[in-house]
Amino acid sequence: MKRGIILGICCLLALCLSSPNVRVSSAADEILIGNVSCLTGTAAQYGISTYEGLEVAMEEINAAGGILGKKIQILKGDDSADPRQAVNVVQKFITRDKVLVIIGAELTGTTRVTAPISNGAQTVQFTASATGAGLTDNLPYAFRNALPEAYAIPFVVEAAKKKFKVGSVVIITSYNLDYSVDLTKIYEKALAAAGIKVQDKISYAEGDIDFSAQVSKLKALKPEVVVMTGYYQESAQLMIEMRKQGINCPILGSNGFNDPKILELAGKAMEGSVWASGFFPDNPDPKVRKFVAKVQEKYKKQPNQFHAQAYDALMIIAEAIKRAGVTESTPENRTKIRDALAKITDFPGVSGTHTFKPGKGDAEKSVFILTLKGGKYALLD
Amino acid sequence: MLAQQLVNGLTLGSTYALVALGFTLVFGILGMINFAHGEIFMLGAYIALLLVTMGKFSIFWALIGGMVGAAILGMIVERVSFRPLRNVSILAPLISTIGLSIFLRSLAQIIFGAESTRFPVSIKTEFYQLGPFQISLLQIVILAISFGLMAVFQVFIKKTKVGKAMRATSESLFTAGLLGIPVDRIILLSFAVASALGGVAGVLVGLNFNAVSPLMGKMVGLKGLTIIILGGMGNITGAMVGGLFLGFVEVLSVGYLTSSYRDAVAFALMFLVLLIRPTGLFGRVVR
C-alpha cells in the first residue's frame, strides 16, 4: 500500500517535470519557432534577456495579426549553457516539434555544435548573441545578427589606442571556456595590427570564485591596460578584486560587458571600461525609444544588447517568412525561407541596420564603442 | 608579490579548511561522505544574503543566521538522506546525498535565479601594510573567524562531553550505543556542527569575493573532499592542514606558473603525498 502511494507520487512528479516541454497547440494555425537558449547555468542572464527580447517582438507581430494570418509561438528549450544539452534541444525541435525556424543558441560553444545539425536538417538557425569566430562559415542555413567579436574588437582596439595612447596590455583568459580562448586570439590579432604589445597573459578557470592570486600577479606586472575576455560573472569579480588591490587602469572588454548584470555586480569597479556594442539604449532613434519603453514597461528593466538583437532577429525572420510566403514546416519551405533571409538588405532594426551579403550568414551592421561613465553606459568620446 | 600571494593563500586556505572540517567530521563518525556539503555551504551564503538584503540585518547577525540556517539544513540532510539508509549499504547514502546535492543546487537556481548576486555590504576595502604583507580588513576578519572557529571546534571535540561522545561514536557506533550514548542524537548533532562550519565558510567566501551563486558549492565541495583525502579521512588536524596546503598550492601555482596548471599541480601534489603516505598526511592505519 505504502509502496504504491510512493510509486504514484514518483510517477506524478515525473509527469510534472516533463510536461513543460510538451506542446499543447497544433501546428496548423501557428508558426512554431524554437528558441534554444541558456535559461539556467552560468550564462543564464544572456538567455533570459534574449527570450524577453523575442517575447516583445512576438507580441508585437501577433498583435498586428501575425505573419500570413498565423500567430507566432516560441518554444523554449533550455540548454543550461551545455553544448551536449543544446544538441538534444535542437534535435527535439527538428524531429519532434518540427519548428519552422530555430533562434539561438546564445553562446559560441552551444551554437558551434548545434548550427551544423540545423543546417543538415535544412532548418534556419539564427543566433542573436553568439559572437565567436566563423560560426556561420560554410553553413548556408546559419545566420546571425550579433556583432561577431572578430568584427567588433578591431574598433575597440583602435578607440582605446586613440584614447589611452596604450603601448602594451595584459590579457586575462578563462582557459577552459572556448568563447574566451577564441576572443583572446581575436584580441591578439587586432592588437598586433594596431602595433600594441601583449605584455603578458593571465588565466583562470570557469567556476573559479577566488581571483586574488591572479590579480596579485597582475599587480606585479603594472599593466597599462587590461583586456578581459570572459563572461560577465567572472569579469565582474576580477574587476572588483583589481580595484580592491589598487589596480586602476582601463579595461577593454567584449560582448559580455553589454549585460547590465555586470554593472550590477561590479558597480564602481567597472568605471572606465571600454567595449563594443551593437545597441545603445540612449539612442535617440524613435524606434529604439519605443523598444526601450516597451521592455521597461514589461520587465521593469533597461534593455540590453541581447534584448535588442533578439528582437531584431525575430523581426528579420518574420520578414523572411512573409517574403517566402510559406508557413508549413517542410524542407522545401524551410529552404525558401532561407533564400528569402539571405537576400534581406538594409533592414532597419533597433540594433542598427542589417544587411546580409551573398554567401555570408553574418549580418553587417554598425558598431557603438561604449564606456561606463559616472555609473552609466555612454558613448566613448 | 610572494608576500601578497601568501596572504591570498592563507585566506583561501582557511575557508577551504572550514569546509573540509565539516566533511571530515561526518566521515569520521559515519564513515560516509556527505556530497551535499557543498550545497550547504552555498545555502549558508544565501541565507546570510537574504538576511542582509530582505531582513536588513547587520553582517554579524547574517553570519550567525547563515550558521544556524546551515546547521538546521544539515540536520534535515541527516534525517532525509542518511538515517533511513544508514544500515542499508555504504553506497546508498552516498548516492542519496549526490541526488540531494543536485536537488538543492537546482532548487537554489529556481528560487534565487541562476546568476550570481552581490553582497550589498562591503566591509572597507582599504589595505593595511604589515611589513611586506598587504592585508585588507575583510581578510583579517575572515582569518580571525576561520581560525577562531577551528580553535573552538578543537576544544569542543577534545574537552566537552558531547565532543567525547562524538569521538566515541566515531570509534564504533555499536559500542557507543551500548555504553549509553544516544547515538542518533550525536550523529544529528555532528551534522549540525559540520554544516554550521560549512555555512560560515559560505558566508565568508561570499563576502570576500563579493558574489553568491547557486553553483558556488560545486567546486568547493569537490575540493573539500580532496582535502580530507589528503589530510587523512576523518582526521581533524589533517583537514585544517590540508585546507591551508591546498590554498597555498593553488595560489602559488597561479602566481608563478599559470592558472591552467593550477588544478593539475594541486592534484599532482596530492597524488604524490598519497603515494608516500597512502592514509593521508595525518591518517592512521585502520584495522
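A word on conventions before the tour. This is a predicted model, in which local features need pLDDT of at least 70 and side-chain atom pairs count only at pLDDT 80 or more, while totals for chains, interfaces and linings use all residues. Residues are numbered from 1 along each chain as its sequence is written, and chains are lettered from A and ligands numbered from 1 in the order in which they are written.

**Chain B as a whole**

Chain B holds 11 helices and 2 strands; these are DSSP runs numbered from the N terminus, with helices being H or I of at least four residues and strands E of at least two. Reading from the N terminus, the order is α-α-α-α-β-β-α-α-α-α-α-α-α. The C-alpha trace of chain B spans about 55 × 50 × 35 Å along its principal axes. Its radius of gyration is 19 Å, which agrees with the value near 19 Å for a compact globule of 287 residues; the radius is taken over C-alpha atoms, and the globule rule is 2.2 Å times the number of residues to the power 0.38. Among contacts in chain B between residues at least 6 apart in sequence, 75% join residues at least 24 apart. Two residues are in contact if their C-beta atoms, placed from the backbone, lie within 7 Å.

| Helix | Length | Span, first to last C-alpha | Expected span | Buried |
|---|---|---|---|---|
| α2(B), residues 37–53 | 17 residues | 24 Å | 24 Å | 15 of 17 residues |
| α8(B), residues 183–209 | 27 residues | 39 Å | 39 Å | 23 of 27 residues |

**The nonpolar core**

The largest nonpolar core has 202 residues, and A:V101, A:V156, A:L314, B:L21 and B:V200 have the most contacts inside it. Such a core is a set of buried Ala, Val, Leu, Ile, Met, Phe, Trp, Tyr and Cys residues joined through C-beta atoms within 7 Å. Helix α8 of chain B gives the most to this core, with 16 residues. Domain 1 (26–147 + 287–365) and domain 2 (150–277) of chain A both give residues to this core, so it lies between them; the domain bounds come from an automatic or database domain assignment. Leaving aside neighbours within four places in sequence, B:V200 touches B:L18, B:G44, B:L63, B:G66, B:M67, B:I145 and B:L149.

**Where the parts meet**

The contact between the chains takes 26 residues from chain B and 25 residues from chain A. On the chain B side, α1 (2–30), α8, α9 (216–231) and α10 (236–256) each supply at least two residues, and α1(B) gives the most, with 4 residues.

Within chain A, the centres of domain 1 and domain 2, taken over C-alpha atoms, are 29 Å apart. Their contact takes 16 residues from domain 1 and 18 residues from domain 2. On the domain 1 side, α2 (44–63), α4 (108–120) and α11 (305–324) of chain A give two or more residues each, with α2(A) giving the most, 3 residues.

Terms used
A residue is buried if 20 or more other C-beta atoms lie within 10 Å of its own, exposed if 12 or fewer, and partly exposed in between; C-beta atoms are placed from the backbone. The expected span of a helix is 1.5 Å times one less than its number of residues.
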